[in-house]
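Hello,

Here is the structure I promised to pass on. Please look it over first; my notes follow below.

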Amino acid sequence: MKVTRFSTSEDLIFVKGSVWGPLRRRGRPLWFALDTAAAETIIVPEVLDEIGYNPRQGEAITVLRSAVGREQGYLIRIERLDCLGHQARDFRVHAHDLPDGWNFEGLLGLNFLRQFNYEVRSAEGRIRVERVAA
Amino acid sequence: MMLANDTRNAPATMNALERLSWEEICRRYPDEWVVMAEIEWVNDTDFEFGTALVLAHHKTRKEASPSVKAGFQHYTEVGSFFTGRLIFPAHERLVP
């Protein structure tokens, strides 16, 4: 069981994560907003570019529909994503811009979270996470 | 060379690096994206860290990305983080 702390004074739940790519020996840290309403994990394209990925390596072009319109991005598998004290390898993420003013670099969606059982203790600012046995 | 205490006309990329805590970073570079390296994480789950080197600071995330890339030429771990509140703008439109 891993326990991750988050600030209870923010409007969303922000957690630190790290992503690995072909150019990086250590992870590139970033803030994710925990989003149980998102099916997929999203990372802004600049971060993926920094760790050595580009759209040509993507598996598919994708379109993100939101309240503010349609944004085109791409689907790509990254070497590794760490968050909440656990890691996922060969992990699929969506590379999409987030709207200006969203001051974080990714959304941690259900394709990461569903590998675990997790308990969000909002008043305490803690998330307890355990990996589900395969 | 940029002096640490006055950032009003400072270049975004810094020549003199010093180790700072997150509280010091937020105080010195409010509402900016800071590019940090050699971050002394307390553990592998939380954002908490002892000190970090601030390589650069920028008004927007997109501006910070070249500084992250440049930082990776010299450091094994580089990241960019916003020092202000992490509220998203749509929230403001929902408030009556």
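**The hairpin in chain A**

β6(A) and β7(A) make a hairpin with two residues between them, and Leu84(A) in the turn has a positive phi of about 55 degrees. Strands here are DSSP runs of E, at least two residues long, and helices are DSSP runs of H or I, at least four long; both are numbered from the N terminus. This is a predicted model: local features need pLDDT of at least 70, side-chain atom pairs count only at pLDDT 80 or more, and totals for chains, interfaces and linings use all residues. Residues are numbered from 1 along each chain as its sequence is written, while chains are lettered from A and ligands numbered from 1 in the order in which they are written.

Nine bridges link β6(A) and β7(A) in the antiparallel sense. Two strands pair if DSSP finds at least two bridges between them. Asp82(A) has Gln87(A) as its bridge partner in β7(A). β6(A) also pairs with β2(A), antiparallel, over four bridges. There, Gly17(A) has Cys83(A) in β6(A) as its bridge partner.

**Two cores**

The largest nonpolar core has 31 residues. A nonpolar core is a set of buried Ala, Val, Leu, Ile, Met, Phe, Trp, Tyr and Cys residues joined through C-beta atoms within 7 Å. Buried means that 20 or more other C-beta atoms lie within 10 Å of a residue's own; exposed means 12 or fewer, and partly exposed is in between, with C-beta atoms placed from the backbone. Val15(A), Val19(A), Phe32(A), Ile43(A) and Leu108(A) have the most contacts inside this core. The largest share, five residues, comes from β6(A).

Phe32(A) is worth a look. Beyond four places in sequence, its contacts include Phe14(A), Val15(A), Gly17(A), Cys83(A) and Leu108(A). Contact means C-beta atoms, placed from the backbone, within 7 Å.

Another core, of 16 residues, lies apart from the largest one; among its members are Leu55(B), Ala64(B), Val78(B) and Phe82(B).

**Phe116(A)**

Phe116(A) is in strand β9 (residues 116-121) of chain A. Is Phe116(A) buried or partly exposed? Phe116(A) is partly exposed, because 18 other C-beta atoms lie within 10 Å. Not counting residues up to four places away, Phe116(A) touches His86(A), Val129(A), Glu130(A), Arg131(A) and Val132(A).

**Chain B**

Chain B has three helices and four strands. From the N terminus, its elements run β-α-β-β-α-β-α. Of its 96 residues, 27% are buried.

The four strands form an open sheet in the order β1-β3-β2-β4, with antiparallel pairing. Its edge strands are β1 (19-20) and β4 (78-82), and each pairs on one side only. Two bridges join β1(B) to β3 (residues 52-58). Leu20(B) stands opposite Ala52(B) in β3(B).

**Where the chains meet**

In chain B, 25 residues are in contact with 29 residues of chain A. α2 (61-71), β4 and α3 (90-94) of chain B each supply at least two residues of that side. The largest share, five residues, comes from α2(B). By type, the side of chain B that touches chain A has twelve nonpolar, six polar and seven charged residues. Nonpolar covers Ala, Val, Leu, Ile, Met, Phe, Trp, Tyr, Cys and Pro; charged covers Asp, Glu, Lys and Arg; the others, Gly among them, are polar.

The buried residues of α2(B) include Arg61(B), Ala64(B) and Val68(B). Their cover includes α1 (45-50) of chain A, together with β2 (33-37), β3 and β4 of chain B.

Best wishes

Terms used: Contact = placed C-beta atoms within 7 Å.
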